[in-house]
Amino acid sequence: MRLIVCALIAVTVLAACESKGLREVQNRGEGPDDFLIVPNKPLQEPESFSALPTPTPGGFNRTDQRPLEDAVAELGGQATSPNAPVPGVDGTLVNYASRFGREANIRATLAEADAKFRKRQARFSQIRIVQEDTYARAYRRQSLRPGPVADEFRRAGVPTPSAP
C-alpha cells in the first residue's frame, strides 16, 4: 500500500514539472536559436555559368528556404509580401469582405494592442512555482472550452457534431 502511495506522489510531482511552453518560442539562453536554424535547399547547377545573375547583397539565395512563399506557390497562389497591394483578381473579394469598412494598417494596430494586452496580463505573474505556457496564461479568459460550449449549444437545440 505504501508503495502505491509513494508511486502516486512521485507521478504527481513529475507531472507538476511538465513544461507546457510549447508555444513559447523565446530564446532563453546564450546559445543559438533553434528556430533560426533551417537547412538549405539542394544546390542547383545553372544552365550556363557565363549567364549567372549578379549577386544581391542582403537578398535571397536560390537555395534559401522560404516556407511561406513555397507554401503559397504550392497551393497555386502568388508569393507576395503581406504588405503588397491586393492583386487585381482578388479586388472583388477584398471589396466585398470590407464592405463595412476596414483599417488600412490593421496588422500594426493588432500587434500593438496584443503587445499591450500581454504586458498587462504579465504584470503580477512573474513568480511561478510551476511553469505555465505564457500564451495560455495571457489568453485564458478568451479561450473556449469545447466540451462545455458544445453541451451548452446542444441544450439550446443547436445541432452540433460529436466531438472526440
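Q: Which pattern does the protein follow when read along the sequence?
A: This is a predicted model. Its secondary structure consists of 6 helices and 0 strands. Along the sequence, the pattern is therefore written with a helix symbol for each DSSP helix run. The pattern is α-α-α-α-α-α.

Q: What percentage of the residues of the protein count as buried?
A: A residue counts as buried when its relative accessible area is under 20%. The protein has 164 residues. The share that counts as buried is 7%.

Q: How much of the accessible surface of the protein belongs to carbon and sulfur atoms?
A: The accessible surface comes to about 15400 Å² in this model. The part that belongs to carbon and sulfur atoms is 60%.

Q: What share of the contacts with a separation of 6 or more comes from residues 24 or more positions apart?
A: A contact here means heavy atoms within 4.5 Å. Among contacts with a separation of 6 or more, those between residues 24 or more positions apart make up 37%.

Q: Which residue meets lysine 41 in a salt bridge?
A: The N to O distance of this pair is 3.3 Å, and the cut-off for a salt bridge is 4 Å, so the pair qualifies. Lysine 41 lies in the loop between helix H1 (2-16) and helix H2 (67-74), and its partner sits in helix H2, 29 residues apart. The partner is aspartate 70.

Q: Is lysine 41 buried, partly exposed or exposed?
A: Lysine 41 has a relative accessibility of 27%. Lysine 41 is partly exposed.

Q: What separates glutamate 112 and lysine 116 along helix H4?
A: The two residues form a salt bridge, with their closest N and O atoms 3.4 Å apart. Glutamate 112 is partly exposed at 47% relative accessibility, and lysine 116 is partly exposed at 48%. Both lie in helix H4 (residues 106-121), and because they are 4 residues apart, the separation is about one helical turn.

Q: Which helix holds both arginine 154 and aspartate 151?
A: The side chains of arginine 154 and aspartate 151 meet in a salt bridge at 3.3 Å, N to O. Arginine 154 is partly exposed at 38%, and aspartate 151 is partly exposed at 35%. The residues are 3 apart, so about one helical turn separates them, and the helix is H6 (residues 146-155).

Q: How many salt bridges does the count come to?
A: A pair is counted when a side-chain nitrogen of Lys or Arg is within 4 Å of a carboxyl oxygen of Asp or Glu. By this rule the number of salt bridges is 3.

Terms used:
Residues numbered from 1 in each chain as written. Predicted model: local features only at pLDDT ≥ 70, side-chain atom pairs only at ≥ 80, totals over all residues. Heavy atoms only, no water. Helix = DSSP H or I, 4+ residues; strand = E, 2+ residues; numbered from the N terminus. Buried < 20%, exposed > 50% of the residue type's maximum accessible area, 1.4 Å probe, protein only. Areas by Shrake-Rupley, 256 points an atom, 1.4 Å probe, with all protein chains shown as cover.
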